[in-house]
Amino acid sequence: MKLLKTSIAFAISSALLIGCSSDTDYVQPEEVKIATYNLSFDRATFQDLVTEMQIEPSAQAVLVSDYLNNTISAADKETAAKVIQIRNVAAVIQKNRPDVLMMAEFNNDGTGTNKSALEGLQKNYLSVAQSLDGAGGEANLEPISYPYFESYATNTGLLNEFGFDLDNDGNPGTLPGDAWGFGLYHGQYAFALMSKYEIDTANTRTFQKFKWKDLEGSTIPTITVCDDPSKFPTGMTCGDEWYTAQEWSEVRLSSKNHVDAPILIPTKNGTETVHLLMSHPTPPAFDVGKNIEQNAAEVDFWYQYIQNKSYIYDDSGKTGGLEQGKHFVMMGDQNLDPVDGDGISSVMQSLHNDSLVNQKVTNGSLYPTSYGAAEHAVDNSLPHPQPNRITSTFGLAVDYALPSATLNIVDSGVYWSASYEEGRKLFNDSRIGDYGNGKDVSSDHRMIWVKADFSN
């Protein structure tokens, strides 16, 4: 379906491209759409992503045309494929138009200081009309502008300063396994935030340096996946503790970061603050048990945080969790399904079942779903017990926007077009990449969102 642009829409689009006026834009919204999207912008270096984001739209068009016509040079083919991926991701964002968007796997410089990739995404992709019909399609979507954006420091690719052999491979102090979070360079797999509403940076709390040992109930992880001893590190056996006592005293909990970023929403009843609780825990896979336990612990951190546990401390030294009664949305690719997969699902189940979390979303009629997910599960014979809740091509529900019980949630969803729905080529396009789906086209994850009503 072609989305026609009226003269009013053109005027709005032009205003967005020019900039935002604090007197007129985004004043007193009745509904606010809050979304999580793992973009799968995994690049060999941060500079690679910056370079791609700085390609002007006219140059993008040439690259895409040459790619589709098979006239692209070998030197430009990979760049063209990445441009197509970014444009399709931008199209997903323009189609869904979230007011607040957490983006996982958006690489940065490690500290979050350099925002040039975010600036490029806005200028050269989001501020330019994209196509609902995929690569080479007519520009039939409205540009979208986010005047507020932040990038956050990450533990990925940050070598531990003690020379520990954290992955027990016999080569201490080497990337990627001896970083505080798995990464080939500092900044890989980081996350960022874009918002139409002011981000309260002065009151943002980060927990990058919070130690795993200090999480209530934590013990040193052990080797628990014992079916193939050949996967054990040299000299270790089933049941062994993964870390030495010295390592355990220093190991950080967060594989990337845990961030509480308040956003300020101007409503007719005054400013409403919503705390965005953002993280991207390590997958509970790829090893013999440590990752399973760390993933569960990273999710459990937010569970304890919303209970306002007094022992919690942030990177500035402030203690305590989130005060009861505050609005929050726990966001991100948590790499943990509440009913399936290799992780400790009971941890996510406990979070879903807690009375502080909106039960209409976690256990009721507003649980985010899509027809595309259900179709994908059938086409690939996936065993998930609730297939319409899947948020990833690998068949698990791992992406979340879990709102507090204090928020009046009126709608939710997962954006995943089925074969009979518009926008299908943003997910499956046989012309693109090696497989024509997943990261080749846009992402192997899907955008998940909730809509909160602030009219009362």
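A pocket is an open set of points, on a 1 Å grid over the protein atoms alone, with protein on both sides within 12 Å along at least five of seven lines, and its lining residues have an atom within 4 Å of a point; a cavity is a set of points where a 1.4 Å probe fits but cannot get out. The structure shown is a predicted model, in which local features need pLDDT of at least 70 and side-chain atom pairs count only at pLDDT 80 or more, while totals for chains, interfaces and linings use all residues. Residues are numbered from 1 along each chain as its sequence is written, and side-chain values use heavy atoms, with hydrogens and water left out.

**View A. The second largest pocket, with a volume of about 410 Å³.** A volume here is the space filled by probe spheres set on the grid points, which are joined across faces, edges and corners. The lining of the second largest pocket consists of 16 residues, and Tyr67, Ala81, Gly433, Asp434 and Asp440 are the closest to its centre. Two elements give two or more residues to this lining: helix 3 (57–68) and helix 4 (74–96). Helices (H or I, at least four residues) and strands (E, at least two) are DSSP runs, numbered from the N terminus. Helix 4 gives the most to the lining of the second largest pocket, with 5 residues. By class, the lining of this pocket has 3 nonpolar, 4 polar and 9 charged residues. Ala, Val, Leu, Ile, Met, Phe, Trp, Tyr, Cys and Pro count as nonpolar, Asp, Glu, Lys and Arg as charged, and the others, Gly among them, as polar.

**View B. The packing of helix 3 against helix 4.** The axes of these two helices lie 9 Å apart, at an angle of about 110 degrees. Helix 3 is therefore roughly perpendicular to helix 4. Angles of 65 to 115 degrees count as roughly perpendicular, under 35 as roughly parallel, over 145 as roughly antiparallel and the rest as oblique. Axes are lines fitted to C-alpha atoms, for helices over the stretch in contact, and angles run from 0 to 180 degrees between N-to-C directions. Helix 3 passes helix 4 in a left-handed crossing, meaning that the near helix is turned anticlockwise from the far one by less than a right angle. On the helix 3 side, the contact (heavy atoms within 4.5 Å) is made by Pro57, Gln60, Ala61, Leu63, Val64 and Tyr67. Helix 4 contributes Asp76, Lys77, Thr79, Ala80, Ala81, Val83, Ile84 and Arg87. The contact of helix 3 with helix 4 divides into 9 nonpolar, 2 polar and 3 charged residues.

**View C. The largest pocket, holding about 1200 Å³ of space.** The largest pocket is lined by 50 residues, of which Thr282, Pro283, Ala285, Phe286 and Asn291 are the closest to its centre. Strand 1 (31–41) and helix 7 (290–306) are the elements that give two or more residues to this lining. Helix 7 supplies the largest share, 3 residues. The lining of the largest pocket contains 20 nonpolar, 15 polar and 15 charged residues.

**View D. The contact of helix 7 with helix 8 (residues 345–353).** The two axes come within 9 Å and cross at roughly 20 degrees, so helix 7 and helix 8 are roughly parallel to each other. The crossing of helix 7 past helix 8 is left-handed. Ala296, Val299, Asp300, Tyr303 and Ile306 of helix 7 make the contact with Val347, Met348, Ser350 and Leu351 of helix 8. These residues comprise 7 nonpolar, 1 polar and 1 charged.

**View E. The contact of helix 2 (residues 46–53) with helix 5 (residues 116–126).** Their axes come within 8 Å and cross at roughly 25 degrees, so helix 2 and helix 5 are roughly parallel to each other. Helix 2 passes helix 5 in a left-handed crossing. From helix 2, Phe46, Leu49, Val50, Glu52 and Met53 take part. They meet Ser116, Ala117, Gly120, Leu121, Asn124 and Tyr125 in helix 5. The contact of helix 2 with helix 5 has 7 nonpolar, 3 polar and 1 charged residues.

**View F. The largest cavity, with a volume of about 70 Å³.** The whole structure holds 1 cavity of 30 Å³ or more. Among the 13 residues that line the largest cavity, Tyr367, Pro368, Asp399, Tyr400 and Ile448 lie nearest its centre. Strand 10 (399–403) and strand 12 (447–453) each supply at least two lining residues, and the largest share, 4 residues, comes from strand 10. The lining of the largest cavity has 9 nonpolar, 2 polar and 2 charged residues.

**View G. Backbone details at Pro176 and Ser40.** The peptide bond from Leu175 to Pro176 is cis, with omega near 5 degrees. Pro176 lies in the loop between strand 3 (148–151) and strand 4 (191–195). Ser40, in strand 1, is not a glycine, yet has a positive phi of about 55 degrees.
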